[in-house]
Amino acid sequence: MTTTPKTRTIPFGRPLIGEEERQAVLDVLAGPILTHGPRVHEFEKCFANFTKAPFAIATGSCTAALHLAYLHLGIGAGDEVIVPTQSHVATAHAVEYCGAKPVFVDAEPRTGNIDIDAIEARVTERTRALSVVHYLGLPVDMDRVMAIAGRHKLFVVEDCALAIGSYYKGTHAGLIGDVGCFSFYPVKHITTAEGGMLITRHADVAKSVSMQRAFGIDRNVVSQRKTPGDYDVERLGFNYRLNEIGAALGLAQMQRVEGFLAKRHANDRLLRERLADIDEVELLESSRPGLESSHYCLPILLKTPLAAKRLEVMESLGKRGVGCSVYYPRPIPHMTYYRKKYGYGDDSFPVAARISKSSIALPIGPHVEPDDVVYIAEQVQSAIDEVR
């Protein structure tokens, strides 16, 4: 079996770190403050301005932000939270951390988002909250979600890990529900190396989360303490803070985020055009009227019987220099931890299972140039021809 020689290397994702980011980090290292400093507050203000959020609280990760949201609610043993199956395990882990039970709902076949038609049947008297994930950046139909939440008096958590720059009818993702939680992992839309952000419209949520992210201390910033080292602890809290180095990096990245998003949009549009004539694949939707995706990546679904050779197709793409990934390797309830704890079988959540087993995520980040996009589409066809 022969393959086309690799002519270039296009990673699936890569943080774009320039001189501005390097200098921002060096400036922090040249000073005396590495945590509890002004850059975190500046970063929060910058992110709030970008999303138009009344409140933004930086955290050590998106997972931390999700956990803090449920802690604010006092969710614990005996409580249930509805979560989508098609997501990173952090979406469900944050519920488990509280001792509550994640109740899973299958995905929509055309978007990968939570199947809204199936949500209400999963609501019980124990349900306290509803979590939605804007899968790969495409917003969920939040009007329908909020109507369900309103009928059952549920707190709504928007998992926006891949949704910086996603808008629902003109409102940034994370501001329709009660909280929105974002990730700044290295290959996300912007990076702080590791970090997250929680945004909310509610002052009480912001105050609670801000305190619990730092041990429950009432005066976290040194300037707030009349006597050095003097503070009180009002509640149980965690060490979920973002440090000054990460915040400085994030601030520099936010100066470039509009350009990053514009390239993702253009790359998505061009790659979709180039893939449209490949019979063996289908594309998940990346837009609907009133919904603006952040275009984290472009997933293709291999049709039967080629889906059974997904790994071979990915290996062929790798040999050709096209980095790719899977979002996600299996539905959360099919992961060993959840399978053992709750007893889910292979036949559960068939839509999410199909997406997981047959999809390949292709790169469209700002490191990808237009000629790279053309190359990616050509190599997808070539890889399919090789494996078929």
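In which sense do β5 and strand β8 pair, and over how many bridges? In this predicted model, β5 and strand β8 (residues 179-183) pair in the parallel sense over three bridges; strands are DSSP runs of E of at least two residues, helices are runs of H or I of at least four, and both are numbered from the N terminus. Two strands count as paired if DSSP finds at least two bridges between them. Asp-159 stands opposite Cys-181 in β8.

Strand β4 (residues 127-133) also runs parallel to β5, and five bridges join them. Ser-131 has Val-157 of β5 as its bridge partner. Between β4 and β5 the chain passes through helix α5 (residues 142-152), and this β-α-β crossover is right-handed (clockwise from the first strand over the helix to the second, with the strands pointing away from the viewer).

Strand β5 itself (residues 155-159) is mostly covered, with five of its five residues buried (under 20% relative accessible area, 1.4 Å probe, protein chains only). In a regular strand, side chains alternate between the two faces of the sheet. Phe-155, Val-157 and Asp-159 point one way from β5, while Val-156 and Glu-158 point the other way.

Residues are numbered from 1 along each chain as its sequence is written. The model is predicted, and local features need pLDDT of at least 70, side-chain atom pairs count only at pLDDT 80 or more, and totals for chains, interfaces and linings use all residues, while side-chain values use heavy atoms, with hydrogens and water left out.

Methods: Buried means under 20% relative accessible area, exposed over 50%, partly exposed in between (1.4 Å probe, protein chains only).
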